[in-house]
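Got the model open and a few questions in mind? Let's work through it together.

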Amino acid sequence: NWDLGNGIRFSTTSPQHTLDQTGNYPVELVAISDKGCRDSILKNISVTDSLRANFTWAKPIVCLNELVQFSDSSIGPNISHSWDFGDQNSSTDINPSHTYIQVAPFDVKLTVSSPTCGSDSLVKRINVLGLPAVDLGAPIELCPGNAEFLQINSNAYDSLIWSNGATTDSISVTTSLDPLSIKVYKNGCSGGDTLDMIIKCPVFA
């Protein structure tokens, strides 16, 4: 007779049963011979959570050359980790960080292993977006008090901001703005450029 320690009993020789809850189970086997002799043995079975790989990363949008922080949320006992970032780089850290230097979708694979529960893997795709480009052109020559008009194609970006706080697609450039820079945003990623000014006034004879 078998007592599985969870209210389940069997009278067969080699029963099979699935323990579907974690915990410690005192399993007892009682053997009785045809002469009425009796013996028993008690052993504990420890049931842990099933091994399951899982992970997340901090930002839904990943930009080129941005440090990505991965967070492990796997479950299981005594887990070891093996990460494949999909770009021929890997890590065995629990919560690694990684920088992608190419614009592409990458399949990130986490494999977790346990000496008692084997291994499990999970693959998630991460899309790395490029940085928006902007070019303010060659350096310009300006004399204090003079101005030049500069305009960019704002339709190429979700938003923009100049170093003086302006958010329009055109700006009047004066020496008081030196150095003048711009930052542009597209799909959550940003790029920028700086306009060099050469302070130069005409010389009159």
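A salt bridge is a side-chain nitrogen of Lys or Arg within 4 Å of a carboxyl oxygen of Asp or Glu. Keep in mind that this is a predicted model, where local features need pLDDT of at least 70, side-chain atom pairs count only at pLDDT 80 or more, and totals for chains, interfaces and linings use all residues. Residues are numbered from 1 along each chain as its sequence is written, and side-chain values use heavy atoms, with hydrogens and water left out.

Q: Which residue forms a salt bridge with Lys59?
A: The structure holds 3 salt bridges, and Lys59 takes part in one of them. Lys59 itself is partly exposed, at a relative accessible area of 41% (buried means under 20%, exposed over 50%, partly exposed in between, with a 1.4 Å probe and protein chains only). The closest N and O atoms are 2.7 Å apart, and the partner is Glu66.

Q: How many residues apart are Asp107 and Arg125, which meet in a salt bridge?
A: Their side chains meet at 2.8 Å, N to O. Asp107 is partly exposed at 35%, while Arg125 is exposed at 51%. Strands are DSSP runs of E with at least two residues, numbered from the N terminus. Asp107 belongs to strand 11 (residues 105-114) and Arg125 to strand 12 (residues 118-129), so this pair links distant parts of the chain, 18 residues apart.

Q: Is Asp72 buried or exposed, and what is the nearest side chain of opposite charge?
A: Asp72 sits in strand 7 (residues 67-72). Here Lys and Arg count as positive and Asp and Glu as negative, with His and the chain ends not counted. Asp72 is buried and has no salt bridge; at 9.7 Å away, the nearest side chain of opposite charge is Lys124.

Q: Which side chains are joined to Asp72 by a polar contact?
A: A polar contact is a pair of N or O atoms within 3.5 Å; within protein, one must be able to donate a hydrogen and the other to accept it, and residues adjacent in sequence count only if both atoms are side-chain atoms. Another, of 2.9 Å, links Asp72 with His81.

Q: Why is the pair of Phe70 and Trp83 called tilted?
A: Rings of Phe, Tyr and Trp (its six-membered ring) pair if their centres lie within 6.5 Å; planes under 30 degrees apart count as stacked, over 60 as edge-to-face and the rest as tilted. The structure holds 8 aromatic pairs. For Phe70 and Trp83, the centres are 5.7 Å apart, and the pair is tilted because the planes are at 40°.

Q: Where does Asn65 lie, and what is its phi?
A: Asn65 is found in the loop between strand 6 (62-63) and strand 7. Its relative accessible area is 48%, so Asn65 is partly exposed. Phi is positive in this residue other than glycine, near 65°.

Terms used. Helices (H or I, at least four residues) and strands (E, at least two) are DSSP runs, numbered from the N terminus.
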